[in-house]
Amino acid sequence: TRAQVLNGTVYVMDGMNGCIRSIQRTDNASWTVGSVTPCCTADIATGVNGDGPQDMHVTASHFYLLDSYNNQIKRAPRPFPAGGAWELLAGNGSRPVNAQSTDGPALAQALNEPHGFAVTSDGSGDIYIAETWSSCIRLLRAGRLATVAGKCGTGGHADGAPADARFQHM
């Protein structure tokens, strides 16, 4: 999501500034906007052509950011600590050869410009990642990445068993 409401606060991803912002009501007639994660930092890829994070998610305890053009997913405690940094959860910063992403330790695997993800709400910590340019769905679980649907590097359209399903630039 690029916007989310949690406990009455609107959170918005400000992609070209590489951060998450909040919009909060201060009283019955007024609102205030603030940056809840650092903006315009070197650790999040941004650019003038719309390059920047493509998705975000906010939970009661964490901010999650899909640093798409660094090919990584990151997390930080909520609230973001002064002087704090993003924690790298997955992606080694490179793209896979021929878009053929592989399974294994999350920090050692290449991601291919992921543009969407979903954090489970069941307390498991699982994250499903739409690996856009590889046309497959990956699961981040307990520090490992695994393909759960589609065949990385093979786009198309097909329903059926997860290994037989095909996606195209989702």
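In this predicted model, the side chain of aspartate 126 makes a polar contact with the side chain of arginine 141, at 2.7 Å. Aspartate 126 sits in a loop, the one that runs between strand E10 (116–119) and strand E11 (127–131). As for its neighbours, leaving aside residues up to four places away in sequence, aspartate 126 touches Ala118, Val119 and Thr120, along with Leu139, Leu140 and Arg141.

Now for the aromatic rings. The structure holds two aromatic pairs. One of them brings together tyrosine 11 and phenylalanine 63 in an edge-to-face arrangement, with 6.3 Å from centre to centre and 65° between the planes. This pair links distant parts of the chain, since its members are 52 residues apart: tyrosine 11 belongs to strand E2 (residues 9–14) and phenylalanine 63 to strand E6 (residues 62–67). Both tyrosine 11 and phenylalanine 63 are buried.

Phenylalanine 80 and tryptophan 86 make up another aromatic pair, also edge-to-face, with ring centres 5.5 Å apart and planes at 65° to each other. Phenylalanine 80 has a relative accessible area of 14%, so it is buried. Tryptophan 86 comes in at 11% relative accessibility and therefore counts as buried too.

Definitions and conventions: Residues are numbered from 1 along each chain as its sequence is written. This is a predicted model: local features need pLDDT of at least 70, side-chain atom pairs count only at pLDDT 80 or more; totals for chains, interfaces and linings use all residues. Side-chain values use heavy atoms; hydrogens and water are left out. Helices (H or I, at least four residues) and strands (E, at least two) are DSSP runs, numbered from the N terminus. A polar contact is a pair of N or O atoms within 3.5 Å; within protein, one must be able to donate a hydrogen and the other to accept it, and residues adjacent in sequence count only if both atoms are side-chain atoms. Contact means heavy atoms within 4.5 Å. Rings of Phe, Tyr and Trp (its six-membered ring) pair if their centres lie within 6.5 Å; planes under 30 degrees apart count as stacked, over 60 as edge-to-face and the rest as tilted. Buried means under 20% relative accessible area, exposed over 50%, partly exposed in between (1.4 Å probe, protein chains only).
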